[in-house]
Amino acid sequence: MRVVIFALPLLVSACAIAPDRMAAESDLEVCRSYGTFRASGVWAASAASYETEVRKRGLITEEEWRLIADKKIQTGMSRCAMYAAFGKPDRENRTVGSGRERVQHVFNSGYRYIKAYYIYTENNRVTAWQD
């Protein structure tokens, strides 16, 4: 039984996403998927495939890549880089008006012993966060 348990992460990490499927995804979907797979630690091959696609599309600046590596955030960071650093939020609350889109991204909501944190974006740029 232990052999199966230890072999499962190796088998799962070997799975990669089909390039044609990834090419059909929007920029934000690609960044969100990269961050989610990266954060899991188990889906290394999928994370690597998505990172290649993010870099190929030029979605994240070198400064943002440094922030992502340290799992840090700063104002002005792109929404794509935020997704790459933190993965998919548990919930997003949108406000749209006057040509602007404001989004509250909620992470770790619903977990009893883990404090939730919030990141705010306007027109796809980080404007603030709350922890």
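**Sheet, covering helix and helix pair**

Guide: Tyr120 has Ala128 in β4 as its bridge partner. This is a predicted model, in which local features need pLDDT of at least 70 and side-chain atom pairs count only at pLDDT 80 or more, while totals for chains, interfaces and linings use all residues. Residues are numbered from 1 along each chain as its sequence is written, and side-chain values use heavy atoms, with hydrogens and water left out.

Visitor: What is the mean pLDDT of the chain?

Guide: pLDDT is the predictor's confidence in each residue, from 0 to 100. Of the residues in the chain, 85% reach 70 or more, and the mean is 86.

Visitor: How many bridges join β3 to β4?

Guide: Helices (H or I, at least four residues) and strands (E, at least two) are DSSP runs, numbered from the N terminus. Strands β3 and β4 run antiparallel, and the number of bridges joining them is five.

Visitor: Which strands stand at the edges of the sheet?

Guide: Two strands pair if DSSP finds at least two bridges between them. The open sheet has four strands in the order β1-β2-β3-β4, paired antiparallel. Each edge strand has a single partner, so one side of each lacks a neighbour in the sheet; these strands are β1 and β4.

Visitor: How many residues of α6 are buried?

Guide: Buried means under 20% relative accessible area, exposed over 50%, and partly exposed in between (1.4 Å probe, protein chains only). Helix α6 lies across β1, β2, β3 and β4, at about 5° to β2; axes are lines fitted to C-alpha atoms, for helices over the stretch in contact, and angles run from 0 to 180 degrees between N-to-C directions. Helix α6 spans residues 79-86 and is mostly covered, the buried count being eight of eight.

Visitor: Why is Arg79 classed as buried?

Guide: Arg79 is placed in helix α6. Contact means heavy atoms within 4.5 Å, and beyond its neighbours within four places in sequence Arg79 is in contact with Leu28, Glu92, Glu101, Val103, His105, Thr121 and Asn124. Arg79 is classed as buried because its relative accessible area is 7%.

Visitor: At roughly what angle do α3 and α4 cross, and what is that value?

Guide: Residues of α3 that meet α4 include Tyr34 and Phe37, and those of α4 include Tyr50 and Val54. The axes of α3 and α4 come within 8 Å, and they cross at roughly 145°.
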